[in-house]
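Have the sequence and the 3D view open as you read.

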Amino acid sequence: MIRDYKEKRLSERENALRIYSGKGEPEYIPTAVSCYKTVIPSGVRERPPWHEDGEDWFGVYWIWDEKTMGHTPDPRRPPVIENICEWDKSLRLPNLDEIDWTSAAKADLEGYDRESSLLRLFLESGPFERLHSLVGFEEALIAMYEEPEAFCGLMSKLTDFRVKLIEYLGSAYRPDVILNMDDLASASAPLFSMDMYRKFIKSYEKRIADAIHAQGAYFLYHSCGRMQDFIDDLLEIGADGLNALTPCNDQKAVMEKYGSRFVVDGGLDSLLISGENTTEEELREEIRRACDIFGPFKRYIIHPASFIPEHKKILLDEAVKYGHTFYKNIK
């Protein structure tokens, strides 16, 4: 179904580098499927295998949800850290020194041509997500108010671990982009005030941004939800792009304010594109709608992450049809 439009001259890698660097004119709007080689490093065990329940490398037990195609910590089990004030007695840090990262990278990248696309490493559970998976979500939010010293101590330790992991991955994989996940918002608002974010989380994310940049990679920040209030802070710490900036954000207002200051990787209505009753025309229109909002700023990558295979085929077809001729048509 996907058509090859002959107008395309730049390779996927060259075109995507123009988008990430903000230098030079991209020739077309790419898709995340085509412009990235996306890898969850095999030595990293933030989740059990897909479609399976089980423990991760911190001892958190996750259950698989087939409808959302994702894992959730099992709420029926006690948290790994039952008392955040005694986190140092319960925290079980994986030993990164014992993992053969060179062999893992060789296996994960077998057959990959670095000249064809960008290598993007996908890292789940940043420090805040990891903290609340260990202590429980409500307990994590309460601790920000009642046990701030313990909260920050655990955040600092988890960030140390994350920075060390990024250093190992940077050396073994030499990625172009590292996507770091740390959800901070619901569909309607941030999970906490911006003052709380700046006091309890921002400095740790700055350390992660610095670690990614030290490896020569771009920092793609992932958070679901209404993230527009965080953008100034994320740009300040050094985020190069945002994934997913879905329509629960005021997308037009965001782009009018920030223009081409960062990459947008996503932008589609995740509920619409994975809806069982969504029509083909609605899927195609959603691609065109997002391209029309983000495309003119020339730092946009379409991410057609539908859970329904037939929907994804239609989205990719329209992304190529519309995105690969977008800049030619707006000149």
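## Ground rules

This is a predicted model, where local features need pLDDT of at least 70 and side-chain atom pairs count only at pLDDT 80 or more, while totals for chains, interfaces and linings use all residues. Residues are numbered from 1 along each chain as its sequence is written, and side-chain values use heavy atoms, with hydrogens and water left out.

Helices (H or I, at least four residues) and strands (E, at least two) are DSSP runs, numbered from the N terminus. Spaces come from a 1 Å grid over the protein atoms alone: a cavity is a set of points where a 1.4 Å probe fits but cannot get out, and a pocket is an open set with protein on both sides within 12 Å along at least five of seven lines. Lining residues have an atom within 4 Å of a point. Points are joined across faces, edges and corners, and a volume is the space filled by probe spheres set on them.

## The second largest pocket

The second largest pocket has a volume of about 400 Å³. Of its 17 lining residues, Pro73, Asp74, Pro75, Arg77 and Ser133 sit nearest the centre. Strand 4 (70–73) and helix 5 (127–135) each give two or more residues, and helix 5 gives the most, with 3.

## Two cavities

There are 2 cavities of 30 Å³ or more. The largest has a volume of about 60 Å³ and is lined by Glu46, Phe58, Ser125, Gly126, Pro127, Arg130, Leu158, Phe161 and Arg162. Helix 5 turns up here too, alongside helix 7 (148–173), as an element giving two or more residues; helix 7 has the largest share, 3 residues.

The second largest cavity holds about 40 Å³. Strand 7 (218–223) and strand 8 (241–244) each supply at least two of its lining residues, which include Tyr221, His222, Leu242 and Asn243.

## Helix 11 meets helix 13

The axes (lines fitted to C-alpha atoms over the stretch in contact, with angles from 0 to 180 degrees between N-to-C directions) of helix 11 (residues 251–258) and helix 13 (residues 280–294) come within 9 Å and cross at roughly 25°. The two helices are therefore roughly parallel (under 35 degrees). Contact (heavy atoms within 4.5 Å) is made by Gln251, Lys252 and Met255 of helix 11 and Arg289, Ile293 and Phe294 of helix 13.

## Glu138

Glu138 lies in helix 6 (residues 137–146). Its relative accessibility is 58%, so Glu138 counts as exposed (over 50%, with a 1.4 Å probe and protein chains only).

Definitions and conventions. Angles under 35 degrees count as roughly parallel, over 145 as roughly antiparallel, 65 to 115 as roughly perpendicular and the rest as oblique. Buried means under 20% relative accessible area, exposed over 50%, partly exposed in between (1.4 Å probe, protein chains only).
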